Amino acid sequence: MITPEKQVLNELTTADSVFLPVGFIDLEATLDGGQAFRWWRQQDGAYRGVVGRRVVTIIEADGGLLIRPADGKDSSGLGRSLSDYLGQDQDLDGFRARFADDPCLGPALRGYSGLRVLRQDPWECLFSFICSSTSNIPRIKLNVGAVAEMLGFLIGPDSHDVTFPEPEAIAECGEQFLRDLGLGFRAKYLVPAAEAVASGELNLSVLREAPYAEARNALTELHGVGEKVADCVLAFSLDKPESFIVDRHILRALHRWYDVPEKASLTYAANWARDYFGEHAALANQYMFHRERLARRATEWGGAHISRALPEDGR
DNA sequence: GTCCAGGGTGAAA
DNA sequence: TTTCACCCTGGA
């Protein structure tokens, strides 16, 4: 297994770009598939977004990714930062080997191997998934983007090139401000969550080190954070590869492929999946969710998509 | 123009 | 355990 340190040593770094030899990563599925909400596809196919306090573009290149700074600064530090963000220390090889023959994940792994679980900033991730309640990806992007552009710092030439606002800024702007931006009833959850993080009452950095159950309990203390939202934050920003996110689509998949009872509660299903997939639960979850998404689209589009995406799928 | 669903949560029954 | 209100945007 390649460690992040070795990968950084392997980078080809110049002043205006960094090559990350990370193999194939499906940028659309990974950056714009419901894990993160502030990536924008440029006309040249590159994805542009903010990681930390840097604006970058990412484009698929032979054997890896080409990272370019888009904020006028040089590329120093971007290799490490992006390698970290893209989840390079996760056990993808172990996951692939273990589930190669799995009826659901096997075909998914052969069909689209480039899906990764991101390692995002915990505060932005928490904010985003509180916004996700009874929403959809286009709207979440709209909401999170609007808040960022109103309250974040501009760090590049494009209007999207803004840092995510600190919790203090969200706490100060107030509920009505967020409602006026179109956040709806979620506004009444977001301000107290921001206050908890700003005051230190909720320390997200500490939760990165904490055991899964403890971190999950701490998150669900927040109003507006139930089990689903907590598991999103745990998987996508708090280093908890054993978290598993259950919605109605995933529940249907668990029933179809693993005989989990059709009418099982979301809590039961999540517990079952964490037990079954163990340390690979979050990865399994993403591949399963992506498969369900493609299957839904295939139905909507008349079935043309699924044969390409899932060449060895028997159904 | 209307209708409806969208990777939920919390409170009340 | 089940039901329902909560906001509002985009697509059918």
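Modeller: A polar contact is a pair of N or O atoms within 3.5 Å. The model before us is predicted, and in it a polar backbone atom of valine 229 lies 3.0 Å from a phosphate oxygen of DNA strand B.

Biologist: Which polar backbone atom is 2.9 Å from a phosphate oxygen of DNA strand B?

Modeller: That atom belongs to glycine 226.

Biologist: Which elements give two or more residues to the surface near DNA strand B?

Modeller: They are α7 (137-151), α13 (227-237) and α16 (281-300). The largest share, three residues, comes from α13.

Biologist: How many residues surround DNA strand B, and which are the closest?

Modeller: A residue is counted if one of its heavy atoms lies within 4 Å of the strand. Here 21 residues surround DNA strand B, and the closest are Ser135, Gly224, Ile245, Arg248 and Phe289.

Biologist: Which residues have the most contacts inside the largest nonpolar core?

Modeller: A nonpolar core joins buried residues through side-chain atoms within 4.5 Å. The largest one in this model has 77 residues, and Leu126, Leu219, Phe277 and Tyr287 have the most contacts inside it. A second, separate core has 19 residues, including Leu20, Leu31, Tyr47 and Leu65.

Biologist: What does tyrosine 287 touch?

Modeller: Leaving aside residues up to four places away in sequence, tyrosine 287 touches several residues, among them Leu92, Phe95, Leu105 and Tyr112.

Note on methods:
Residues numbered from 1 in each chain as written. Chains lettered and ligands numbered in written order. Predicted model: local features only at pLDDT ≥ 70, side-chain atom pairs only at ≥ 80, totals over all residues. Heavy atoms only, no water. Buried < 20%, exposed > 50% of the residue type's maximum accessible area, 1.4 Å probe, protein only. Contact = heavy atoms within 4.5 Å. Polar contact = N/O pair within 3.5 Å; in protein donor to acceptor, adjacent residues only side chain to side chain. Helix = DSSP H or I, 4+ residues; strand = E, 2+ residues; numbered from the N terminus.
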